[in-house]
Amino acid sequence: ATVNRISPGEIGLNPKTATYTGSAISANAATNSNNLTYTYTYYTNSDCTTKTSTATGAASAGEAPIDAGEYYVKAVSDQTGVYRSASSSCVSHKIKPKDISVPWSSTVSLTYNGGAQAPAINPHPVDGVTVNNVTEKITINKTTATDVGSYTSTASCSSVANNRAKC
């Protein structure tokens, strides 16, 4: 007589939204009432057919991504002596860009000198995000004014690789 492994039942996996950290961001833990072990595979499409790659910051194909973007993940339970392998549904795994704040100087009142002026940004360039122990610097561009009066100076950031950060 043959004894077949039984289904472990439904594998639950909740979507995840996290902010870029410079490290791989793992999925939420899969759940099942049978205390199973899971393998997680990460994808770039919603039907979970195209695995992440090193272009997404993943260590290898199908590994957890590092860079900001919309990804998907599926958990697969390991087969045991009692249970056969089963998979969760394909769920969203979103990594948002890190917010970078612009450190304006405390000097907001400037004396007319005939030239274009704006409050200082200190420090400049601003530390952006750290990837492989290297901190990217972000250049800040700001609006200036020349004539006497009250103005609002706004800042914009240079682009950061792979949308890892935003100002």
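Q: Why is Y40 called partly exposed?
A: Y40 has a relative accessibility of 25%. Buried means under 20% relative accessible area, exposed means over 50%, and partly exposed is in between (1.4 Å probe, protein chains only). The value for Y40 lies in between, so Y40 counts as partly exposed.

Q: How do you know on what basis local features and side-chain atom pairs are counted?
A: This is a predicted model, in which local features need pLDDT of at least 70 and side-chain atom pairs count only at pLDDT 80 or more, while totals for chains, interfaces and linings use all residues. Residues are numbered from 1 along each chain as its sequence is written, and side-chain values use heavy atoms, with hydrogens and water left out.

Q: What is the confidence of the protein chain, and where is it lowest and highest?
A: pLDDT (the predictor's confidence in each residue, from 0 to 100) averages 84 over the protein chain, and 76% of the residues score at least 70. Confidence is lowest in strand 6 (residues 126-131), with a mean of 60, and highest in strand 2 (residues 38-43), at 98. Strands here are DSSP runs of E, at least two residues, numbered from the N terminus.

Q: What makes the pair of Y38 and Y40 tilted?
A: Rings of Phe, Tyr and Trp (its six-membered ring) pair if their centres lie within 6.5 Å; planes under 30 degrees apart are stacked, over 60 edge-to-face, and the rest tilted. For Y38 and Y40 the centres are 6.5 Å apart and the planes make 50°, so the pair is tilted. The structure holds one aromatic pair.

Q: Why does Y38 count as buried?
A: Its relative accessibility is 15%, which is under 20%, so Y38 counts as buried.

Q: How do you know whether S77 is buried or exposed?
A: S77, in strand 3 (residues 69-77), has a relative accessible area of 1%, so S77 is buried. Leaving out residues up to four places away in sequence, S77 touches P8, I11, L36, T37, Y38, R84, S85 and A86, where contact means heavy atoms within 4.5 Å.

Q: Which residues have the most contacts inside the largest nonpolar core?
A: A nonpolar core is a set of buried Ala, Val, Leu, Ile, Met, Phe, Trp, Tyr and Cys residues joined through side-chain atoms within 4.5 Å. The largest has 13 residues, and those with the most contacts inside it are I11, L13, A30, Y38, V73 and A75. Strand 2 and strand 3 are the elements giving two or more residues to this core.

Note on methods:
Helices (H or I, at least four residues) and strands (E, at least two) are DSSP runs, numbered from the N terminus.
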